[in-house]
Amino acid sequence: GIDENVLLRLDASIGRNLYTYISQIKPVPHQENGQDISVTQDTYLIPSALEDTIKVAQYNGSPYVAEYDVTLHLSLGDAEKIVVLRIDVPTIDTWIEQASIEAQSKINTATAGQDITALQTALDGKNALTSHSTTDEKIAVLEKLNQALISF
């Protein structure tokens, strides 16, 4: 969800001694017919307050995946490595589709007595979306799907 930190998971044996920080998050222009097209002026990824994790600032309501180059500094003792990672922020439509697939899978594999009402209601909301649905309507559907999945 929004404002959730995306953590880099490391082997616990070195994780305690490994220092990381993010020095830059730079949007990568989307290319269409060989031309650079900015997805939007919106910012989807930001560093956390400690600059050691990435936060999703808002959902990507554009029709394109938003790509970012994230410069990550890793240091262990005297050794330092700078890595540039390409991170894709999917469109909200992609997130809704992935959540819907997971919800349908849980419904299909539910055992007798498991209450699937919230999952089915959330899926009904997804199925009610149209090509004219607003980003806010899509966000509401995604949040209901996520809540139903977490609660199941």
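Four salt bridges are counted in the protein, a salt bridge being a side-chain nitrogen of Lys or Arg within 4 Å of a carboxyl oxygen of Asp or Glu. The structure is a predicted model, in which local features need pLDDT of at least 70 and side-chain atom pairs count only at pLDDT 80 or more, while totals for chains, interfaces and linings use all residues. Residues are numbered from 1 along each chain as its sequence is written, and side-chain values use heavy atoms, with hydrogens and water left out.

Side chains of opposite charge can pair when their charged atoms come close. Arg86 takes part in two of the pairs described here, with Glu67 and with Asp69. In the salt bridge between Arg86 and Asp69, the N to O distance is 2.5 Å. This pair links distant parts of the chain, with Arg86 in strand E8 and Asp69 in strand E7, 17 residues apart. For Arg86 and Glu67, the closest N and O atoms are 3.8 Å apart. Here too distant parts of the chain are linked: Glu67 lies in strand E7 and Arg86 in strand E8, 19 residues apart. Arg86 is partly exposed, because its relative accessibility is 47%. Partly exposed covers the range between buried (under 20% relative accessible area) and exposed (over 50%), for a 1.4 Å probe and protein chains only. Glu67, at 25%, is also partly exposed.

A further salt bridge joins Lys138 and Asp93, with the closest N and O atoms 2.9 Å apart. Lys138 belongs to helix H4 and Asp93 to helix H2, so the pair ties together parts that are 45 residues apart in sequence. Lys138 is buried, because its relative accessibility is 15%. Asp93 is partly exposed at 39%. Shared partners join Glu67, Asp69 and Arg86 into one network of salt bridges.

Strands E7 (residues 66-76) and E8 (residues 79-89) pair in the antiparallel sense over 11 bridges. Pairing requires that DSSP find at least two bridges between two strands. Ser75 has Glu80 as its bridge partner in E8. The two strands form a hairpin with two residues between them. In the turn, Gly77 has a positive phi of about 65°.

The protein has four helices and eight strands. Helices (H or I, at least four residues) and strands (E, at least two) are DSSP runs, numbered from the N terminus. Their order from the N terminus is β-α-β-β-β-β-β-β-β-α-α-α. Of the 152 residues, 28% are buried. Among contacts (heavy atoms within 4.5 Å) with a separation of 6 or more, 59% involve residues 24 or more positions apart. The accessible surface comes to about 9,800 Å², 50% of it from carbon and sulfur atoms. Accessible areas come from the Shrake-Rupley method with a 1.4 Å probe.

Which residues of H3 are buried? They are Leu119, Ala122 and Leu123. These residues lie on the same side of H3, because they cover an arc of only 100° around the axis. The arc is that of the directions from the helix axis to the C-beta atoms. The buried residues of H3 pack against helix H2 (92-108) and H4.

Ser133 lies in the loop between helix H3 (117-127) and helix H4 (135-151). Ser133 is buried, because its relative accessible area is 14%. A polar atom of the Ser133 side chain lies 2.8 Å from the backbone nitrogen of Thr130.

Technical notes
A polar contact is a pair of N or O atoms within 3.5 Å; within protein, one must be able to donate a hydrogen and the other to accept it, and residues adjacent in sequence count only if both atoms are side-chain atoms.
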